[in-house]
2 protein chains.
Amino acid sequence: MNKVAEVIPAYTYGTTEIAKSSVSLDELEKLKASAGFTAQDEHFLHMAGEVLADQTQQIVAQWRSGIIASIPNLARHSRTPEGEPIPEYLGQSNLRFQQWILDTCLRPYDQDWLNYQQEIALRHTSLKKNQADGVRSTAFVPFHDIVAFVAVMNETIKPYLASKGNTEEEVAGMHLAWCRSLQMQIALWSRPYFDAAQKSSDHSINEW
Amino acid sequence: MNKVAEVIPAYTYGTTEIAKSSVSLDELEKLKASAGFTAQDEHFLHMAGEVLADQTQQIVAQWRSGIIASIPNLARHSRTPEGEPIPEYLGQSNLRFQQWILDTCLRPYDQDWLNYQQEIALRHTSLKKNQADGVRSTAFVPFHDIVAFVAVMNETIKPYLASKGNTEEEVAGMHLAWCRSLQMQIALWSRPYFDAAQKSSDHSINEW
Ligand code: HEM
Ligand code: HEM
């Protein structure tokens, strides 16, 4: 397995700690059809994994320190409620974020992947945010900001995909596969948010 | 105003029939920041509107007759529960879909636009689907399929943007602005779905 560091705190992919996804493998197949995701995308994602493997630190730094940190409405999610930085929170979740890039590219989209999709989503909701790192921060990342930020990620990944001398066609193929995967992941992430909203009509947890 | 046809059945943009969006203009500004959407994107969307204006019919035909119609899990939403085609439903909603392309490119993203975003989203949920055209069809389009299909729309719009001799840089600018807008729209659309899920914990309307 391809890992960005020997120890990645709270990275529990494929372990028994991770609950089974509410989305089935059959639903995932249908989702692939809706996104136009095929075996060719798997091929290009694998290529992307090789291209991005030694760039994950820079990429996540650009996203989180370069972009998110300068948007107050997003930056607050890695800080205390009083607005103080929490370096270990950022450091540890950055490592998991880096690993997610590799997982997006190199992992088979099987039951373990589905389960971890749900886990990552939950770690952005009030059901699990802050727990992995034992911190005090915002209760959740609103779903709509996650969806919007994907536009930024899709755009800024391009130069990294193009940085290793692949042909234009290969770069375009890798980028398309990346965008399709991210759209599927957002679709999967919306499930725990929907379920949380549905379960809590009384105390009005709507983390839109 | 730029319209794809003189009469567009059930196209009620900006009329008093349309309820006020639950999302405020202030929240929209924050959403723009999360997606990296700026005045430059407005400029490029306007350019895209001119480029796409005489191609909306072909584009919607490719999406709905070319792609959705061949994916059974998506095609069913324009058919009766028994699987019969409903040509007037497709025809009328295709016209509104065409008009949406122009609105995405040429309308100011103001209160009317926000309100109509909510209306379009509702017309994919059980709260409003089928009503505009008075048809009998599936109760709703699942949210996750909409998110996934955006990957297809973002990819297939490219050749249409490039078909009018604009420079590579202009085409890239138009495409980026388009992708950012669509991501914001999906974020906005998720709101009525969340609200519906939240309101109906008892009879379990979760249209994920
Ligand atoms: C508005 C945008 C976003 C913000 C502000 C944000 C913020 C955060 C925060 C605070 C954490 C730590 C979660 C925890 O307490 O356990 C986190 C983790 C993570 N985020 Fe995001 N996130 C955003 C969007 C995204 C997107 C779009 C993706 C990928 C599609 C993503 C991928 C991840 C990953 C992989 C982790 C590590 C998961 C884990 O905690 O184990 N995030 N994010
Ligand atoms: C899985 C993908 C989708 C399916 C199967 C689908 C299906 C439909 C259906 C059945 C209608 C008629 C709604 C009604 O009964 O009033 C409709 C309308 C429409 N759809 Fe979608 N849709 C999908 C995704 C999208 C996406 C991603 C967009 C744009 C981002 C979009 C834009 C529209 C627009 C603009 C209309 C006209 C709204 C109206 O009814 O006034 N759709 N769609």
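## Interface of chains A and B

Across the interface of chain A and chain B, the rule finds 0 salt bridges. The model is a predicted one. Polar contacts are present: 13 residue pairs across the interface are in polar contact, with both residues of each pair at pLDDT 80 or more. In terms of residues, 41 of chain A are in contact with 41 of chain B.

The area buried between chain A and chain B is about 3,400 Å². Carbon and sulfur atoms give 65% of this area. On the side of chain A, the residues that lose the most area to chain B are Phe194(A), Gln198(A) and Trp208(A). Together these three residues account for 24% of what that side buries.

## The side of chain A

Which elements of chain A give two or more residues to the side that touches chain B? They are α1 (25–35), α4 (72–75), α7 (143–156) and α9 (168–199). The most comes from α9(A), with 13 residues.

By class, the side of chain A that touches chain B has 22 nonpolar, 11 polar and 8 charged residues.

## The shell around ligand 2

There are 20 residues around ligand 2. Those that come nearest are Tyr89(B), Arg96(B), Arg123(B), His124(B) and Asn130(B). Divided by class, the residues of the shell are 11 nonpolar, 4 polar and 5 charged.

Oxygen atoms of ligand 2 are approached by both a side chain and the backbone: a polar side-chain atom of Tyr89(B) lies 2.5 Å from an oxygen atom of the ligand, and a polar backbone atom of Asn130(B) is 2.8 Å from an oxygen atom of the ligand. The elements of chain B that give two or more residues to the shell around ligand 2 are α5 (87–106) and α7 (143–156).

## The iron atom and His124(B)

Which protein residue is the donor to the iron atom of ligand 2? The single donor from the protein is His124(B), through NE2, at 2.2 Å from the iron atom. A polar side-chain atom of His124(B) also lies 2.8 Å from a nitrogen atom of ligand 2.

Where in chain B is His124(B) found? His124(B) is in the loop between α6 (111–122) and α7 of that chain.

Note on methods:
Residues numbered from 1 in each chain as written. Chains lettered and ligands numbered in written order. Predicted model: local features only at pLDDT ≥ 70, side-chain atom pairs only at ≥ 80, totals over all residues. Heavy atoms only, no water. Contact = heavy atoms within 4.5 Å. Buried area = accessible area lost by both parts, 1.4 Å probe. Salt bridge = Lys/Arg side-chain N within 4 Å of Asp/Glu carboxyl O. Polar contact = N/O pair within 3.5 Å; in protein donor to acceptor, adjacent residues only side chain to side chain. Helix = DSSP H or I, 4+ residues; strand = E, 2+ residues; numbered from the N terminus. Nonpolar A, V, L, I, M, F, W, Y, C, P; charged D, E, K, R; others polar. Near = heavy atom within 4 Å. Donors = N, O, S within 2.8 Å, 3.2 Å for Na, K, Ca; no water.
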